[in-house]
Amino acid sequence: MNDHANPKTILIVEDDLAMLRILCDSLHRAGFLVIEARDGLEGLAAALGNNPDLILLDILLPKMDGITVLQRLRDDERGVKIPVIILTNLSDAQSVYETLKRGLYRVTYDLAFDPAAPTPAAIVLRVNGTTGVPYDVGS
């Protein structure tokens, strides 16, 4: 369980309202402080302005896609070390891989692909592992 006296902050950049609610609720219950963004521009601004401990980033976003958000995040000294978990579906994973392979983005820190639709519990588990917060199976 996350330390409630000093909770880790997670930024979720997701335009699907139902998925956003599920992720927010799951992470809140696990003791994380959650910041929400509904499009790429808002997500980039929230990441650079709030310095979250981790970002959950969708790829298909309005205003700015997730790959561009990631590129701009890594180009800014404030965002270069923030771990990012990309949430995407199988068809997106191939385009993300191709983009990275062409060298349009440098992978410098934690970048994880979840090609299948992960369950909220699986996402909380990954967030716990990435932020160093032990997972409480009873949560």
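Helix α1 (residues 17-29) has 13 residues and spans 18 Å from its first C-alpha to its last, close to the 18 Å expected at 1.5 Å a residue, where the expected span is 1.5 Å times one less than the number of residues. This is a predicted model, in which local features need pLDDT of at least 70 and side-chain atom pairs count only at pLDDT 80 or more, while totals for chains, interfaces and linings use all residues. Residues are numbered from 1 along each chain as its sequence is written, and side-chain values use heavy atoms, with hydrogens and water left out.

**Exercise 1.** Find which residues of α1 are buried, and where they lie around the axis.

*Solution.* Begin with the cut-offs: buried means under 20% relative accessible area, exposed over 50%, and partly exposed in between (1.4 Å probe, protein chains only). The buried residues of α1 are then Leu-20, Leu-23, Cys-24, Ser-26 and Leu-27. They lie on the same side of α1, because they cover an arc of only 170° around the axis, the arc being that of the directions from the helix axis to the C-beta atoms. On the other side of α1, Ala-18 and Arg-29 are exposed.

**Exercise 2.** Locate Arg-38 and list its contacts beyond its neighbours within four places in sequence.

*Solution.* Arg-38 sits in the loop between β2 (33-37) and α2 (40-50). With contact meaning heavy atoms within 4.5 Å, Arg-38 is in contact with Glu-14, Asp-15, Leu-17, Leu-20 and Pro-62, once those neighbours are left aside. For Asp-15, 23 residues apart from Arg-38 along the chain, the C-alpha separation is 4.5 Å.

How values were computed: Helix = DSSP H or I, 4+ residues; strand = E, 2+ residues; numbered from the N terminus.
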